[in-house]
Amino acid sequence: MRERAVAVKDALVPGSETAASGASARSDAKAAGRKGSDDRSRRRDAGRPGERHSGGAPKPDSRPDDLKLVQRWLEEQGDERPAYATRRQRAYQIFGDEKALEGKRGEKLMRRMTGKGLNPASLRIEANQTTQLQGFFAIGSDRPFIVMENIDAYEEVVNLLKGKRSARLFGARVGGVIFGAGHNICMSHALDEYLHDIGYRFPYVYYAGDIDREGARLVERAREVNVTEIRLHVGIYRAMLAAHRAHLKQGIAREDAAKNQDAPRDLSGVVKDLPVSLRVPFQRALRDNIRVPQEVLTSEDFRRASMGAVDRMLYR
């Protein structure tokens with residue numbers, strides 16, 4: 001009797017078999033949905049660059065090596081000298097990217113070319129903007145040039161060079177002078193392009209600027225954006241520090257550098273060309289916020305130095 005009642009009760013539950021069937025179907029659909037979602041995630045992950053494929057190997061960088069592209073382009077030119085083009089035009093010809101020769105990418109490539117014995121001038125690039133630098137030199141000049149940061153010092157060297165192929169400048173002969181005009185020398189490849197345009201044949205130039213944080217940062221930045229080697233002119237910095245000491249002995253107050261000047265990132269690298277006897281006072285001046293401008297040297301100092309009278313000037 002009880003078994004019959006249970007059977008009758010089960011038989012009276014409306015849609016009991018249908019409900020069970022629906023629940024089972026929903027459960028199967030959810031499982032299928034999760035499986036499909038997992039499959040899509042795996043496909044997305046497999047397509048992401050730099051991530052691992054199903055084979056476990058990372059996706060390689062598809063961009064060709066810049067130096068190899070340059071070498072291939074030069075080989076295609078053969079013995080013919082290609083016509084000049086602007087920097088962006090040439091970059092597009094070689095890389096298919098008009099900005100490939102600019103910024104850090106361009107600077108890195110120029111250094112790699114130099115390291116492989118390839119002259120960057122072989123790319124036959126002409127400036128597509130007004131020349132940022134100006135200089136003075138005689139035709140047939142046969143000595144390295146010097147870059148002067150300030151206009152007064154630049155004019156002093158111009159006066160020494162007038163009518164001459166070279167001039168003695170605080171212990172070293174120079175054949176020309178370039179006005180750095182402060183930050184103009186820090187324009188990307190401005191020095192390289194200027195020297196290329198005038199047919200300069202030395203791998204380096206001398207440099208002289210103010211002894212302060214900004215002056216040190218300028219030469220550091222100029223080295224970063226140009227391939228041409230930039231060497232500090234030892235004789236001029238020696239004369240500037242000697243003249244500064246003489247001023248202090250005379251009771252003339254020192255000049256403090258502006259507090260908002262940019263500081264060099266690697267001061268030891270900036271002064272690497274100087275002997276220790278000059279490196280130490282140079283670094284001390286920057287540490288103590290002292291400024292020694294190029295104008296500390298007078299026209300008479302330049303004239304006497306050009307005649308070999310450096311010692312008398314240094315110990316006045």
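Student: What share of the contacts in the protein with a separation of 6 or more comes from residues 24 or more positions apart?
Tutor: Such residues account for 75% of those contacts, a contact being heavy atoms within 4.5 Å. The model is predicted, so local features need pLDDT of at least 70 and side-chain atom pairs count only at pLDDT 80 or more, while totals for chains, interfaces and linings use all residues. Residues are numbered from 1 along each chain as its sequence is written, and side-chain values use heavy atoms, leaving out hydrogens and water.

Student: And how many helices and strands are there in the protein?
Tutor: The secondary structure comes to 13 helices and 11 strands. These are DSSP runs numbered from the N terminus (helices H or I, at least four residues; strands E, at least two).

Student: At what angle do helix 3 and helix 4 pack?
Tutor: Helix 3, residues 66–77, meets helix 4, residues 87–95, at about 95°, and their axes are 9 Å apart. The axes are lines fitted to C-alpha atoms over the stretch in contact, with angles from 0 to 180 degrees between N-to-C directions. The two helices are therefore roughly perpendicular to each other (65 to 115 degrees).

Student: Which residues make that contact?
Tutor: Helix 3 contributes Asp66, Leu69, Val70 and Trp73. From helix 4 come Arg90, Gln93, Ile94 and Phe95.

Student: How do the residues of that contact divide into nonpolar, polar and charged?
Tutor: The contact of helix 3 with helix 4 has 5 nonpolar residues, 1 polar and 2 charged. Ala, Val, Leu, Ile, Met, Phe, Trp, Tyr, Cys and Pro count as nonpolar, Asp, Glu, Lys and Arg as charged, and the others, Gly among them, as polar.

Student: New topic: what about the phi of histidine 189?
Tutor: Histidine 189 has a positive phi of about 60°, although it is not a glycine. This histidine lies in the loop between strand 7 (176–179) and helix 7.

Student: Is histidine 189 buried or exposed?
Tutor: Histidine 189 counts as buried because its relative accessibility is 3%. Buried means under 20% relative accessible area, with a 1.4 Å probe and protein chains only.

Student: Where does asparagine 289 lie?
Tutor: Asparagine 289 is in the loop between helix 11 (276–287) and strand 11 (290–291). Asparagine 289 has a positive phi of about 60° although it is not a glycine. With 19% relative accessibility, asparagine 289 therefore counts as buried.

Student: How much of the protein do buried residues make up?
Tutor: Buried residues are 39% of the 316 residues in the protein.

Notes:
Parallel < 35°, antiparallel > 145°, perpendicular 65-115°, else oblique. Buried < 20%, exposed > 50% of the residue type's maximum accessible area, 1.4 Å probe, protein only.
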